[in-house]
Amino acid sequence: MKQYFSFFKMSMSKGLQYRIAALAGVATQFFFGFTFIMIFEAFYRSSNTPQPISIEQLIQFVWLQQSFLLFVMLWFRDMEIFDKITTGNIAYELCRPTDIYSYWYARLLAQRLSGALLRCFPILIITAFLPAPYGLSFPPTIVHFILFIITLTLGLIIIVAISMLIYISVFYTLSPTGSLLIVSVLGEFLSGLIIPVPLMPPMLKKIVYFFPFRYTSDLPFRIYVGNIDINEATISIFIQLAWIFILIMFGKWWIKRALKKVVVQGG
Amino acid sequence: MIEVKALSKSFKVAKRDNGMFSTLKSFINPQFTTVNALTDVSFNISEGEIVGYIGPNGAGKSTTIKIISGILLPDSGTCKILNRIPWENRKEHVKNIGVVFGQRSQLWWDVPVIDSFNLLKDIYSIEKQSYNEMLDLLSISLNLTELLKTPVRQLSLGQRMRCEIAASLLHSPKILFLDEPTIGLDAVSKIEVRNFIKTINKEKKTTVILTTHDMNDIEALAKRIILIGKGKVLQDGNLSQLKSKYITRKTVCIDHNPIDTIPKIENTELVEFTRERTIFDVDLSKTNVSKVISSASEYVEIKDISVDSRPIEELIVELYKEYSI
């Protein structure tokens, strides 16, 4: 266990070096945040029917999404791992007494965590001071807040487990482009990052609820803004746990298979 | 210690001709050929040996190393290292081995070398004391003290390679696989690395398997060589025996007082003659060097003599030719 913690620490300290990248990220997130808010505002103004999520809740949802972007984005990737597989540098990893799945998992987790830690606080603090309805406020109750933290953490575990599958697929395809594109486009839609899940038609909502993706972003953020009640949130935690179990088991089984037929590329 | 029996491994390789049309064709109907990287490879290596594993490019050297270090699965055959089958219990197996792939890097690119080392300490769960001892030994004999705090990306190739070798030895492995460890090193670093390999072989009884294209490495380190070509073991034997078998001629170069007639000596061929220097090619199966020198001294007044045997490179070339690989 200690070695995986060391991998984690190493990747964390590496990730925390990139301060300028984080600053640029913060600026980009504000740009996107305001753009989304403008689009949604126009949408809400043009319609008189009441929507399943209020504009105030949706704005908060957008800010949370921007703050924790690295917790929810599937396109966030570690090129080094792809390179290791395609160039054969994975040879070194394979001659260590290390479980590759756990090692990469620790590494990816640390990367997302360090990136998000650098980015989320400036966004959270600044948006908290924005005038209503454009700012971020506190969740309705402390219970909502606790449930938000729990589901966000479990969501992070899910998203890393999903992205592990992209990395494993590269053993077969030798190019990350395809899997990345498919998973990130589909995944982002199904997480409600493009159209918020509450605004989707009922049929689509059913489909979205069937996949693990919405449990990484839609669930925690909507708990925070109070769009999901405590009952539903509690049940969702168990669904998250089930997905974590399924995704990690599948990933471990798959990587074992992949390593059996691995060809270490290039001499 | 290392028993390799009848290992075979083949790879599927995608083939296509150049040109747009063939690219299109192979997109629809890809063609593969099977390349037999290893066919029936067997050898035994006992503790404390240094074995040079040589062969031309594409002979299957790296493939063998990858199989016995547990990275690749062979198609058939078995292999026991310290009574363990590498690919069956990879994690247990790799604790006892150290591997250096000369053309790859195991150090973390953008952190100081010592950070990578500390990480390896945790990976192999090395005891603090033995880690410190090993680190001291490595930094002294590989001259690393200055380098440890430098980020890997700022090291030169030779410096990095020394750190790579050190990294593979931190956990005091019983067996060390070196896959072209001196690739790209300058003469001084090469000698440092060679001396170091000798030292750990002597002091820690580490078994070393070395693949290289640098015959000086082989000559300096390995008593035994295994020659592999087209995936088969062609020769497995003592380096000096091989030399006496294949080095059948020597060159004798004599500097002498100025003379005008060419000296004639039996069983030799004249390579070069000037008034002050004569060079003979001596056939060792018919005569020997001392006879040649004594008969030469009858003709001329010898000032200086040098005797050269063919370099080991040529021996290897001959071996390759003999097996037509």
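Two strands count as paired if DSSP finds at least two bridges between them. Helices (H or I, at least four residues) and strands (E, at least two) are DSSP runs numbered from the N terminus.

## Model and numbering

This is a predicted model, in which local features need pLDDT of at least 70 and side-chain atom pairs count only at pLDDT 80 or more, while totals for chains, interfaces and linings use all residues. Residues are numbered from 1 along each chain as its sequence is written, and chains are lettered from A and ligands numbered from 1 in the order in which they are written.

## The β8-β9 hairpin of chain B

Strands β8 (residues 224-229) and β9 (residues 232-238) of chain B run antiparallel and are joined by six bridges. Opposite B:Ile228 stands B:Val233 in β9(B). Two residues lie between β8(B) and β9(B) in this hairpin, and B:Lys230 in the turn has a positive phi of about 45 degrees.

## The four-stranded sheet of chain B

An open antiparallel sheet of four strands in chain B has the order β11-β12-β10-β13. Five bridges link β11(B) to β12 (residues 277-283) of chain B in the antiparallel sense; B:Glu272 stands opposite B:Ile279 in β12(B).

Helix α10 (residues 289-299) of chain B lies across β10 (249-256), β11, β12 and β13 of chain B and runs at about 25 degrees to β10(B). Axes here are lines fitted to C-alpha atoms, for helices over the stretch in contact, and angles run from 0 to 180 degrees between N-to-C directions.

## Chain B overall

Chain B has 11 helices and 13 strands. Its radius of gyration is 25 Å, well over the 20 Å that the globule rule gives for 325 residues, so chain B is more spread out than a compact globule. The radius is taken over C-alpha atoms, and the rule is 2.2 Å times the number of residues to the power 0.38. The C-alpha trace of chain B spans about 75 × 55 × 45 Å along its principal axes.

## Contact between chains A and B

In this model, 17 residues of chain A are in contact with 26 residues of chain B (C-beta atoms, placed from the backbone, within 7 Å). On the chain A side, α1 (2-15) and α6 (90-94) each supply at least two residues, and α1(A) gives the most, with five.

Definitions and conventions. Two residues are in contact if their C-beta atoms, placed from the backbone, lie within 7 Å.
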